[in-house]
Amino acid sequence: MSLRFLFIALLGVSALIKVFPAQAADSTEKILRVLVSTPESSLDPAVASDVPSVSINENIFEPMLRYDYLARPVKLKPNTLKVMPEILDQGKTYVLRLQPGIMFTPDPAFKGKPRELTAEDYIYSIKRIYDPAVKSPWLFMFEGKLLGDEKLRPSTAKDGKKQEFDLQTNIPGLQAVDKYTLRIRLNAPDSNFLFILATTATGAMAKEVVDAYGNQVGNHPIGTGPFILGTWQRSFRIELLANPQYRKTLFNDQGTDDATKKIAASLAGQTLPRVSKVEIKIMEEQQSRVLGFLNNEFDYLEQVPPPLSNMVLDDGKLKPALQQRGIRLSLFTPLQTYYMWMNMEDPVIGGYTPEKIALRRAIALSYDSKEDIALMEKGLAIQAQSPLPPNVLGYDPNYKTPVQYDLKLANALLDKFGYKRGADHYRNLPDGQPLHLQMHSLASTTGRLRDEVWRKNLDALGIHVSFKTDKHSEVLRAARLGKVQMTEANWIADFPDAENFYQLLYGPNAGRANYSRFNLPAFNTLYEQAMRLGDSPERTAIYRQMAQLMHGYTPWVPRIHPVTADLLQPWLQNYYRHPVDFTSWRYLDVDVAARNKVLK
């Protein structure tokens, strides 16, 4: 803990305002000021899967559908479509009709000509997800589902050579009926397919832009959305500007309670977006995020870091000093799961033999979720019983994990399967070689705190562990290459269904979304069975079996589902956290006069 941080923590919030004087007001422009907690990776929607990048991409690129801002439970509505898709053939055929006149942001790739969004752009964008060169983590959403998509998947010719992927390949599952009409045909009905068409990964890209920038297209995001990229200082600061040619979009969502009805009334008939600029700052250090918000540098702070919650909360309520400033507290349970995964292909910790399972199971048994929630999360979390958080379709509130904290059992397992202790207290592998694990973690205060949790857990088992710290994007890149032995991660739902979480353990997704590279035929079969079913008791029973297999083989240690404390400045308007969309930037408004009054 730094001396400055200790000083502030001791003096309290009121002293903070004196230590860090507020900024001077210098603008009448409506600027939304936000932060993200880790650096962006790529602004290519087919590639990006980290929260910061997807958050930015969902404001630049547009899928055909999007979520109603205020509806709970969540509801989809047309985005670039004129009306909701027409569903035919018992759910296997979708006819989608685009609004004419939607334009891409001008770019040199278009050679000075206006470029209109067409059905072919969505066909091209979906096909890119299949391109092996793109290495899209989103392929699971389409692979094997689109009629004839085997033509888009790598195959081996008779001479033994891999056939080249060709984006020009036509398949019956993706057809442009005319300039503004797209027909998608599936091999079988998929109850989540409309949710998939609302993901940012399916946002339209123009072929000319990809051709112009090649593998650097992630540095040149050109879409049709409400914002365009302004200044970009990588891993430090990103600026989004209101798209001057964004189609006139009037807000017409309806509220369901007093809070949402007030937002609906405020936004009724208004054009989007409401601000002219979004300034995004990357702040990896938890302390800096809280201090920045309290010093009026940000208009809201989502998910107050639990270790620092005592800076702003007393017994779960906002501190009086902050209430007097007009700051508001909003509690929210996101569709999010935190977990630790282990590489099933790693020669030390991976594998499906009894001794390897025993090692991973012992590690899982060493994790004390109650202590973690109390000490590290400050009570702002609930124990994860499975990969599924509450409120996703398929969640079973009665399911309890069979793997609970039990150090005695963990040590007994290791003893039984030959992991003997040496003279230095630490264990060896069954073949007598030293047992040494390496965990990747973030090069931040948060990462260091999490390192100490796992150091304590594994030391109680006599397992020696070292930590390799790096940027989030680098850990992600190494994980995709299979070069990470174990690390912590978290997943936020792309769509509100259990499939979106269990695909993280589906064998064919290894190296993409499935970083643990878990590949168990019995699990894969159950996953495929569940995909063919809608939300039902039958499907929930299958998910229970999948959870049991996950716990049985232990590629994951499910940790927690967070309860987030969000802080809002008094001048911020229309804020309402959505369970699926990462941002609400297009809807948010700023009372500039109120903000300037505070910042003088």
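This is a predicted model: local features need pLDDT of at least 70, side-chain atom pairs count only at pLDDT 80 or more; totals for chains, interfaces and linings use all residues.
Leaving aside neighbours within four places in sequence, Arg 450 is in contact (heavy atoms within 4.5 Å) with Tyr 367, Asp 372, Met 376, Glu 377, Glu 488 and Arg 559. This arginine belongs to helix α13, residues 445-459. Helices here are DSSP runs of H or I with at least four residues, strands are runs of E with at least two, and both are numbered from the N terminus. Arg 450 has a relative accessible area of 10% and therefore counts as buried; the term buried stands for under 20% relative accessible area, exposed for over 50%, and partly exposed for what lies in between, with a 1.4 Å probe and protein chains only.

Local features need pLDDT of at least 70 and side-chain atom pairs count only at pLDDT 80 or more, while totals for chains, interfaces and linings use all residues, and side-chain values use heavy atoms, with hydrogens and water left out.

Turning to the whole protein, 18 helices and 23 strands are found. Its radius of gyration, taken over C-alpha atoms, is 25 Å, which agrees with the value near 25 Å that a compact globule of 600 residues would have; the globule rule is 2.2 Å times the number of residues to the power 0.38. The C-alpha trace spans about 75 × 75 × 45 Å along the principal axes. Of the 600 residues, 56% count as buried. Among contacts with a separation of 6 or more, 70% come from residues 24 or more positions apart.

Strands are taken to pair if DSSP finds at least two bridges between them. Glu 279 in β10 has Arg 33 standing opposite, and Glu 239 also stands opposite Glu 279. In a regular strand, side chains alternate between the two faces of the sheet.

Asp 44 sits in the loop between β1 and α3 (51-60). Apart from neighbours within four places in sequence, the contacts of Asp 44 are Asn 57, Arg 128, Met 205, Val 217 and Gly 218.

Key:
Residues are numbered from 1 along each chain as its sequence is written.
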